[in-house]
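User: I am new to this structure. Please walk me through how to read its features.

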Amino acid sequence: AYEMLRTLVGSEMCIRDRNNLSEKERCDYYECLLRGYAQLTGEEDKKELLRLGQAYERIAEEVPADLLANMADANEKCGQYEEALRIYERMMEQTEDHREKEVLYEREAQVAVSADMPEKGLEILRKGIQELPESLELRIAYLKQQCEDRSIERAVCMAEIEEVIKELPAILEEKQFQKLMKEYGLSLIHI
């Protein structure tokens, strides 16, 4: 890791010192640096990735999804949850793939919970469910977050579970749903 860090720092100095680079070459260098810093795990490395990411965003027309993901992750690790959520929103706008959207909605909700904003997490999952109504994964994530929230009464959770089962009976076959029911000691006597 130390050798990699020395190489990355040296590469960045080369970029700054060379005024004759085209915008494309400068973007390519930044992309390589960002991908390199993403491999490092230290908090200072994540801060450096964020600094470089901001510089890169000023010159790049569009930031590739993998670099946005690295920047969102670095923001999370540095406790900058609002910025991580903003980046995940940008990623959501760039994709049409339903599976990617499911993953992003779930990740956003987890970040909101980490930021001590559980209601925002539920709101994000409701938005995902509205956009992807057949997504069992988002329904399960929503139910799980609702069950974890101690401010929500158990009866409310059960009513929501019963409603989801009526809408999407296939959820009963999902291992994650079964695990959720067992984990929270919930039973489906009423159904």
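User: Is E31 buried or exposed, and what is its relative accessible area?

Analyst: Start with the cut-offs. Buried means under 20% relative accessible area, exposed means over 50%, and partly exposed lies in between, with a 1.4 Å probe and protein chains only. E31 has a relative accessible area of 18%, so E31 is buried. A word on the source: this is a predicted model, where local features need pLDDT of at least 70, side-chain atom pairs count only at pLDDT 80 or more, and totals for chains, interfaces and linings use all residues. Residues are numbered from 1 along each chain as its sequence is written, and side-chain values use heavy atoms, with hydrogens and water left out.

User: Where does E31 lie, and which residues does E31 touch?

Analyst: Contact means heavy atoms within 4.5 Å. E31 lies in helix α2. Not counting residues up to four places away in sequence, E31 touches Y56, P64 and L67.

User: How many helices and strands are in the chain?

Analyst: Both are DSSP runs, numbered from the N terminus: helices are H or I with at least four residues, strands are E with at least two. The chain has 10 helices and zero strands. Of its 191 residues, 40% count as buried.

User: How many aromatic pairs does a search of the whole structure find?

Analyst: A pair of aromatic rings is described by the distance of the centres and the angle of the planes. Rings of Phe, Tyr and Trp (its six-membered ring) pair if their centres lie within 6.5 Å; planes under 30 degrees apart are stacked, over 60 edge-to-face, the rest tilted. The search finds one pair. The ring centres of Y30 and Y56 are 6.5 Å apart and the planes stand at 45 degrees, so the pair is tilted. Y30 sits in α2 (residues 23–38) and Y56 in α3 (residues 43–59), so the pair ties together parts 26 residues apart in sequence. Both Y30 and Y56 are buried.

User: Which residues touch the most other members in the largest nonpolar core?

Analyst: In soluble globular proteins, nonpolar side chains tend to be buried together. A nonpolar core is a set of buried Ala, Val, Leu, Ile, Met, Phe, Trp, Tyr and Cys residues joined through side-chain atoms within 4.5 Å. The largest one has 39 residues, and L49, Y56 and Y88 touch the most other members. Elements giving two or more residues to this core include α4 (65–77), α5 (81–94) and α6 (98–114). Another core, of 16 residues, lies apart from it, and L136, M158, I161 and L180 are among its members.

User: What is Y88 in contact with?

Analyst: Leaving aside neighbours within four places in sequence, Y88 is in contact with A72, D73, E76, L104, R107, E108 and V111.

User: What span should the 13 residues of α4 have?

Analyst: The expected span of a helix is 1.5 Å times one less than its number of residues. For α4 that gives 18 Å, and its end C-alpha atoms are 18 Å apart, which agrees. Buried residues in α4 include L67, L68 and M71. The buried residues of α4 pack against α2, α3, α5 and α6. G79 follows α4, with a positive phi near 75 degrees.

User: How many disulfides are there?

Analyst: A disulfide is a pair of cysteine sulfur atoms within 2.5 Å. The count is zero. C27 is buried, with a relative accessible area of 11%, whereas C32 is exposed at 56%.
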